[in-house]
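Please keep the sequence and the model in view while reading.

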Amino acid sequence: MLPQYERLVDGAASDTGPGGYAGSGTGGGVGSLRRSKFRVRFGRLAVATVMLPVAGFLFCVIWSLLYNFEQANATHCLVYNFLPSLSAAIGNYQPQRFVWQFSVLFHAPFRYAIAFLYKNHHLTLLSRKHRKEWAYLACILNIVELSSLVGLSLWTSSNNYEIHKICFSAFVICSIIYMYLVVLINRLTRTEELLTLAERKSLRYKRRLLLVNVASIMFAVYFFVRHNNHCEPGIYSLFALSEYVFVYSNIGFHMTAYWDFINAHVYFHWRTGIHFSAV
């Protein structure tokens, strides 16, 4: 069951049914959320979720440098390199592969839930522009991006290169289009002067991280082609460094959800499941 997005209302302004639940129906409503068995601020959960791939990827790179330096940095050119590529760091050796797969798979369910939360958020923003299809497109791109990340993590370049290549390409393309579309939606539907401090910060970081993300993938393509054509020492490591920047700028972009839903809470109740509230 997908998490639901609900806005809590003032208890004094709402009718209370039997047992203290808001409204007169049998559903939980506000009362059930307030009586939830578990409640946590969305921001804390977002930070914890994002830290999984951040820490997992950092571990993979450091471990590869310490214990698999020669193998991880080897290419067909047989020249010196000092940083392993993304694929080599996360998928070619153990325990790196296990750590990365665990971090991605463990954080994925929450990311899927956020994709649907953003869909509702974008539908609200676009309601007056009559462009609601953009919200659905952004949601689809977000889901395909995350699914591609899961795919390239499970099917590594060493055990199934073709699937890994397809998933990696889909991840790059969908993530860039999604980031651009989200920035565009916010630019068309919001006025800078009417934004809260958190919303301004979110939009500012979205724009900057989009630019960094696009620039990093362009540098990655340049260094990859240059390495294959000229086999210069260290160039493949610059390609790897560009990949790192691409990954972390992507993570940072999704982390701006912290400011977009800064007042939100996540509730869990054993009867009604997981709920997101706007307050």
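What percentage of the 279 residues in the chain do buried residues make up? Buried residues make up 48% of them, where buried means under 20% relative accessible area, exposed means over 50%, and partly exposed lies in between (1.4 Å probe, protein chains only). The model is a predicted one, in which local features need pLDDT of at least 70 and side-chain atom pairs count only at pLDDT 80 or more, while totals for chains, interfaces and linings use all residues. Residues are numbered from 1 along each chain as its sequence is written, and side-chain values use heavy atoms, with hydrogens and water left out.

The chain contains 10 helices and 4 strands; these are DSSP runs numbered from the N terminus, with helices (H or I) of at least four residues and strands (E) of at least two. Read from the N terminus, the order of elements is β-α-β-α-α-α-α-α-α-α-α-α-β-β. Of the contacts with a separation of 6 or more, 71% are between residues 24 or more positions apart, a contact being heavy atoms within 4.5 Å. The chain exposes about 14,600 Å², of which carbon and sulfur atoms supply 64%; accessible areas come from the Shrake-Rupley method with a 1.4 Å probe, and for residues only the protein chains shown count as cover.

An unreviewed UniProt entry places the feature "transmembrane region" at residues 42-66, 134-156, 168-188 and 209-225. UniProt positions follow the numbering used here, feature names are shortened, and annotations may be inferred rather than shown by experiment. In the model, residues 42-66 are 100% helix and 0% strand, with end C-alpha atoms 36 Å apart. Residues 209-225 are likewise 100% helix and 0% strand, and their end C-alpha atoms lie 24 Å apart.

Rings of Phe, Tyr and Trp (its six-membered ring) pair if their centres lie within 6.5 Å; planes under 30 degrees apart count as stacked, over 60 as edge-to-face and the rest as tilted. By this rule there are 19 aromatic pairs. In one of them, phenylalanine 59 and tryptophan 63 are tilted, at 5.2 Å centre to centre and with 35° between the planes. Both residues lie in helix H2 (residues 42-67), 4 residues apart, or about one turn of the helix. Phenylalanine 59 is partly exposed at 27% relative accessible area, and tryptophan 63 is partly exposed at 29%. Phenylalanine 224 and phenylalanine 239 form another tilted pair, at 5.2 Å centre to centre with 50° between the planes. This pair links distant parts of the chain, 15 residues apart, with phenylalanine 224 in helix H8 (residues 197-230) and phenylalanine 239 in helix H9 (residues 235-255). Phenylalanine 224 is partly exposed at 35%, whereas phenylalanine 239 is buried at 10%. Ring pairs also link Phe42, Phe110, Tyr118 and Phe261 into a cluster.

Helix H9 also holds phenylalanine 253, which is buried at 2% relative accessibility. Beyond residues up to four places away in sequence, phenylalanine 253 touches Tyr178, Met179, Val182, Val183, Lys206 and Leu209. Lysine 206 lies over the face of the phenylalanine 253 ring, 5.9 Å from its centre; a charge sits over a ring if NZ of Lys or CZ of Arg is within 6 Å of the ring centre and within 35 degrees of the ring normal. The C-alpha atoms of phenylalanine 253 and tyrosine 205 are separated by 7.3 Å, although the residues are 48 apart along the chain. The charged end of arginine 208 sits over the ring of tyrosine 205, 6.0 Å from its centre.

Serine 148 belongs to helix H6 (residues 132-154) and is buried at 7%. Its side chain reaches the backbone oxygen of valine 144 at 2.7 Å. Serine 148 also touches Cys167, Ala170 and Phe171, not counting residues up to four places away in sequence.

Most residues other than glycine have a negative phi, and most peptide bonds are trans. The peptide bond from glutamine 94 to proline 95 is cis, with omega near 10°, and proline 95 lies in the loop between helix H4 (86-91) and helix H5 (96-126). Leucine 78 has a positive phi of about 60° and is exposed at 76% relative accessibility.

Conventions: A polar contact is a pair of N or O atoms within 3.5 Å; within protein, one must be able to donate a hydrogen and the other to accept it, and residues adjacent in sequence count only if both atoms are side-chain atoms.
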